Amino acid sequence: MRAVGVSNFRPEHLGRLLAESSVVPAVNQIEVHPYFRQSDLLAVDAEHGILTQAWSPIGGITFYRAGSHGSTLEDATIGKIAAAHGRTPAQVMLRWHLQQGRQVIPKSVTPSRIAENFDVFDFELTGDQSGAIDALDTGVRGGPDPAAITRETFGLQIPEA
Ligand SMILES: NC(=O)c1ccc[n+]([C@@H]2O[C@H](COP(=O)([O-])OP(=O)(O)OC[C@H]3O[C@@H](n4cnc5c(N)ncnc54)[C@H](OP(=O)(O)O)[C@@H]3O)[C@@H](O)[C@H]2O)c1
C-alpha cells in the first residue's frame, strides 16, 4: 500500500480530503519555524494522526525577508538557549521541532552545517525553553499563503495515471 503525503494543506484542505476520500495522509509538509508555528494546523494534523513535516525548520524562509523579525538564527531568545546548552541556534530549533513530534527537512549546501544539523540527539530542551521558543510565534508566514494559490498561478500539468 502506498502512503500519501500532502504539502501546505490547511485545516480546510485536510477537512475536504478527509470528507471526500478514504485517504488519511501520512505526512503534511508545512512551514513551521519559531516565527511561524501554525499551532491550529499542528493540532489538526495530530488529531488525525498525520505527521507534520516542517519545511524551513530553522526559518530559512525568513532570512531574506524585509521587515522587523529578521533571522531566527540571530534571535536573542534562541541564542540564549543555545548558549546554555553549548549548541548552535540551528541545533536548538531542530531539537524544538523533534521534541514536539515534528519531522524536519533543514537544507544546507555546507557540509559542516549538514553534520551540525544531524548532531541534535544528545541534548534536551526543558519545557520552559520549548515554551519560550513557542512564544516567538509572530503568526506571519514567510512563504505564500496556501489559500491564495490557484492552479492557474501555481499549477503543474499532472499526467493521468
Ligand atoms: N513544501 C514547500 O512548499 C516548501 C517550501 C519551501 C521550502 N521547502 C523545502 O524545505 C527545505 C528547507 O527549507 P529552507 O531551505 O527554506 O529553509 P531552512 O532549511 O530552514 O534554512 C536553509 C538556510 O539555512 C542555512 N543553514 C542550514 N543549516 C544551517 C546551520 N546549521 N547554521 C546556519 N545556517 C544554516 C542554509 O544555508 P547554506 O545552504 O548556505 O548552508 C540556508 O540558507 C528545502 O529543502 C525545501 O525544499 C518546501
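Predicted model: local features only at pLDDT ≥ 70, side-chain atom pairs only at ≥ 80, totals over all residues.
Two strands pair if DSSP finds at least two bridges between them.

The 4 strands form an open sheet in the order β1-β2-β3-β4, and the pairing is parallel. β1 (5–7) and β4 stand at the edges with a single partner strand each, so one side of each is left without a neighbour in the sheet.

The pairings can be set side by side:

| Strand pair | Sense | Bridges |
|---|---|---|
| β1 and β2 | parallel | 3 bridges |
| β2 and β3 | parallel | 5 bridges |
| β3 and β4 | parallel | 2 bridges |

## The whole chain

Now for the wider view. The protein has 7 helices and 4 strands, and from the N terminus on, its elements run β-α-β-α-β-α-α-β-α-α-α. The radius of gyration is 17 Å, close to the 15 Å that the globule rule gives for 161 residues, so the protein is as compact as a globular protein of that length. Along its principal axes, the C-alpha trace spans about 50 × 35 × 30 Å.

Buried residues make up 29% of the 161 residues. Counting contacts with a separation of 6 or more, 65% are between residues 24 or more positions apart.

## Helix α4 and what covers it

Helix α4 takes in residues 89–99 and is mostly covered, with 8 of its 11 residues buried. Which residues of α4 are buried? They are Pro89, Ala90, Val92, Met93, Leu94, Arg95, Trp96 and His97.

Just after α4, Gly101 takes a positive phi of about 85 degrees.

## Around the ligand

The ligand is surrounded by 24 residues, and the closest are Trp55, Gly60, Ala90, Lys107 and Thr110.

Which element gives the largest share of the shell around the ligand? That is α5, with 3 residues. Sorted by class, the shell has 10 nonpolar, 11 polar and 3 charged residues.

## A buried aspartate

Asp45 is worth a look on screen. This residue is found in helix α2 (residues 39–47). Is Asp45 buried or exposed? Asp45 has 23 other C-beta atoms within 10 Å, and a residue is buried if that number is 20 or more, so Asp45 is buried.

Leaving aside residues up to four places away in sequence, Asp45 touches Asn28, Ile50 and Thr52. For a sense of distance, Asp45 and Glu20 are 25 residues apart in sequence and 17 Å apart in space, C-alpha to C-alpha.

Most residues other than glycine have a negative phi.

Asn8 has a positive phi of about 60 degrees although it is not a glycine. Asn8 is found in the loop between β1 and α1 (11–20). With 18 C-beta neighbours inside 10 Å, Asn8 counts as partly exposed.

Gln38, also not a glycine, has a positive phi of about 55 degrees. Gln38 lies in the loop between β2 and α2. Is Gln38 buried or exposed? With 20 C-beta neighbours inside 10 Å, Gln38 counts as buried, since 20 or more is the cut-off for that class.

How values were computed
Residues numbered from 1 in each chain as written. Buried ≥ 20, exposed ≤ 12 C-beta atoms within 10 Å, placed from the backbone. Near = placed C-beta within 6 Å. Nonpolar A, V, L, I, M, F, W, Y, C, P; charged D, E, K, R; others polar. Rg over C-alpha atoms; globule rule 2.2 N^0.38 Å. Contact = placed C-beta atoms within 7 Å.
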